[in-house]
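Here is a short report on one protein chain.

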Amino acid sequence: MQKIVLIPCVSKKLSQKAKAQDLYISPLFKFNLKYALTLNPNKIFILSAEHGLLDLEQEIEPYNKTLNKMNVGEVRVWADKVLEQLKKEVDLQSDEIIFLAGENYRKFLVPYISNYNIPMKGLGIGKQLKFLKEKINE
């Protein structure tokens with residue numbers, strides 16, 4: 001069984017092509033990534049509104065797309081794409097999937113994943129940052 005962490009993309013990005021883990025530059029993204037690393041996962045992926053599932057090392061161009069501006073149908077299509085990408089990387093029945101992403105990213109993925117954890121469920125961004133800072137400093 002693998003442990004997989006999924007972190008969300010953010011709007012604040014570098015202005016040039018970079019590895020996915022370096023492209024996103026907001027404090028929330030950086031704390032999510034630091035916390036994800038403390039969990040000693042087998043893999044960490046970014047849930048990208050533009051690309052679906054991103055490997056941390058994958059080089060991508062900056063983009064301006066967000067799930068928050070998509071309608072329900074578009075988010076469903078995005079989630080179907082992510083599920084297909086996930087199936088190539090993980091076992092949706094036995095691997096543990098840890099979501100550090102919000103409800104919009106999770107809602108159409110969770111029903112297909114048997115073993116998942118949402119440590120920041122229901123927390124607003126301020127409380128997420130507080131949670132992440134506390135966990136990183138433990």
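Where is the place of asparagine 40? Asparagine 40 falls in the loop between helix 2 and strand 3. This is a predicted model, and every value below is computed from it.

Asparagine 40 is not a glycine, yet its phi is positive, at about 50°. Most residues other than glycine have a negative phi. The side of exposure is clear too: asparagine 40 is exposed, with a relative accessible area of 64%.

Lysine 65 belongs to another loop, the one between strand 5 and helix 3. Its relative accessible area is 38%. That value makes lysine 65 partly exposed, because it lies between the 20% and 50% cut-offs. From lysine 65 to valine 77 is twelve residues in sequence. In space, their C-alpha atoms are 14 Å apart.

Strands of a sheet pair through backbone hydrogen bonds, either parallel or antiparallel. Which sense holds for strand 3 and strand 4? Strand 3, residues 43-48, pairs with strand 4 in the antiparallel sense, over four bridges. A hairpin of three residues connects strand 3 to strand 4. Across this pairing, isoleucine 46 stands opposite leucine 54 of strand 4.

**Aromatic rings**

The model has five aromatic pairs. Two of them share tyrosine 24, as the table shows.

| Ring pair | Centre distance | Plane angle | Class |
|---|---|---|---|
| Tyrosine 24 and phenylalanine 29 | 5.1 Å | 40° | tilted |
| Tyrosine 24 and tyrosine 63 | 6.3 Å | 80° | edge-to-face |

Why do the classes come out this way? For tyrosine 24 and phenylalanine 29, the planes are at 40°, so the pair is tilted. For tyrosine 24 and tyrosine 63, the planes are at 80°, which is over 60, so the pair is edge-to-face.

Tyrosine 24 sits in the loop between helix 1 (20-23) and helix 2, and tyrosine 63 in the loop between strand 5 (59-60) and helix 3 (72-87), so their pair ties together parts that are 39 residues apart in sequence. Ring pairs link Tyr24, Phe29 and Tyr63 into a cluster. Tyrosine 24 and phenylalanine 29 are both buried. Tyrosine 63 is buried as well.

**The largest pocket**

Rolling a probe the size of a water molecule over the atoms shows where empty space is left. The largest pocket holds about 410 Å³ of space. It is lined by 22 residues, and the closest to its centre are Cys9, Val10, Thr66, Asn68 and Tyr105.

Which helices each supply at least two residues of the lining? They are helix 2 (27-38), helix 4 (103-106) and helix 5 (125-137). Helix 4 gives the most, with three residues.

What is the make-up of the lining by class? Ten residues are nonpolar, eight are polar and four are charged.

Terms used:
Residues are numbered from 1 along each chain as its sequence is written. This is a predicted model: local features need pLDDT of at least 70, side-chain atom pairs count only at pLDDT 80 or more; totals for chains, interfaces and linings use all residues. Side-chain values use heavy atoms; hydrogens and water are left out. On a 1 Å grid over the protein atoms alone, a cavity is a set of points where a 1.4 Å probe fits but cannot get out, and a pocket is an open set with protein on both sides within 12 Å along at least five of seven lines; lining residues have an atom within 4 Å of a point. Grid points are joined across faces, edges and corners, and a volume is the space filled by probe spheres set on the points. Ala, Val, Leu, Ile, Met, Phe, Trp, Tyr, Cys and Pro count as nonpolar, Asp, Glu, Lys and Arg as charged, and the others, Gly among them, as polar. Rings of Phe, Tyr and Trp (its six-membered ring) pair if their centres lie within 6.5 Å; planes under 30 degrees apart count as stacked, over 60 as edge-to-face and the rest as tilted. Buried means under 20% relative accessible area, exposed over 50%, partly exposed in between (1.4 Å probe, protein chains only). Two strands pair if DSSP finds at least two bridges between them.
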